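Please examine the sequence and the three-dimensional structure shown below. A short briefing on the protein accompanies them.

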Amino acid sequence: MENLIKKNHADKQVGLGILIIAIGSVFLLRNSGIDVPYWILRWHTIMLGIGLWMGYRKDFKGSGWLALTIIGGLFTFKAINLFDFDLFRISIPMVLISLGLYIILKPKKVQNFDQYFEKKPVDFTDKES
């Protein structure tokens, strides 16, 4: 159990370190006069990053990280204009397709209720004597 706690703490430190390095790098590039896209440090890109990090930490199980990632991704795609092509026009259909694939392919949680109704003998013997 102690090893799991230490690993979890180490993961948090690595993630926080990478986040601080990335933000510092963007600021350094901007202050050096290099043209950095305006959408890099916007709220939606940060939300996308937080969603992906939460998904990574939970082994992409659950759906809380997915909501943050979808919302952040949609608004980030809306802000990116490559080759005068609006990515937002295809992002909503892509999100719907991805969501459908996620629902279809996610692992099924099958609970066996038979184990709750099995009669198990109760042991009242004292194990210390």
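The briefing begins with the protein as a whole and then turns to particular residues.

This is a predicted model, in which local features need pLDDT of at least 70, side-chain atom pairs count only at pLDDT 80 or more, and totals for chains, interfaces and linings use all residues. Residues are numbered from 1 along each chain as its sequence is written, and side-chain values use heavy atoms, with hydrogens and water left out. The protein has four helices and two strands, arranged from the N terminus in the order α-α-α-β-β-α.

**Overall features**

- Helices (H or I, at least four residues) and strands (E, at least two) are DSSP runs, numbered from the N terminus.
- The protein has 129 residues, of which 15% are buried; buried means under 20% relative accessible area, exposed means over 50%, and partly exposed lies in between (1.4 Å probe, protein chains only).
- Of the contacts in the protein with a separation of 6 or more, 41% are between residues 24 or more positions apart; a contact means heavy atoms within 4.5 Å.
- The accessible surface is about 11,200 Å², and carbon and sulfur atoms account for 67% of this surface; such areas come from the Shrake-Rupley method with a 1.4 Å probe, and for residues only the protein chains shown count as cover.

**Annotated regions**

- An unreviewed UniProt entry lists residues 12-30, 36-56, 63-81 and 87-105 under "transmembrane region"; positions are given in the numbering used here, feature names are shortened, and annotations may be inferred rather than shown by experiment.
- The span of residues 36-56 is 67% helix and 0% strand, with its end C-alpha atoms 27 Å apart.
- Residues 63-81 are 84% helix and 5% strand, and their end C-alpha atoms lie 29 Å apart.

**Thr76 and His44**

- Thr76 belongs to helix α3 (residues 64-79), and His44 belongs to helix α2.
- Thr76 counts as buried because its relative accessible area is 5%; His44 is likewise buried, because its value is 7%.
- The side chains of Thr76 and His44 are joined by a polar contact of 3.1 Å; the term denotes a pair of N or O atoms within 3.5 Å, where within protein one must be able to donate a hydrogen and the other to accept it, and residues adjacent in sequence count only if both atoms are side-chain atoms.
- A polar atom of the Thr76 side chain also lies 2.7 Å from the backbone oxygen of Gly72.
- Beyond four places in sequence, Thr76 touches Trp39, His44, Thr45 and Leu48, while His44 is in contact with Trp39, Gly72, Phe75, Thr76 and Ala79.

- Val36 counts as buried because its relative accessibility is 15%, whereas Leu41 is partly exposed because its value is 26%.
- Val36 and Val26 are 10 residues apart along the chain, and their C-alpha atoms are separated by 7.4 Å.
- Leu41 and Phe27 are 14 residues apart, with a C-alpha separation of 9.5 Å.
- Apart from neighbours within four places, Val36 is in contact with Val26, Leu29 and Arg30, and Leu41 touches Ile23, Val26, Phe27, Arg30 and Ile46.
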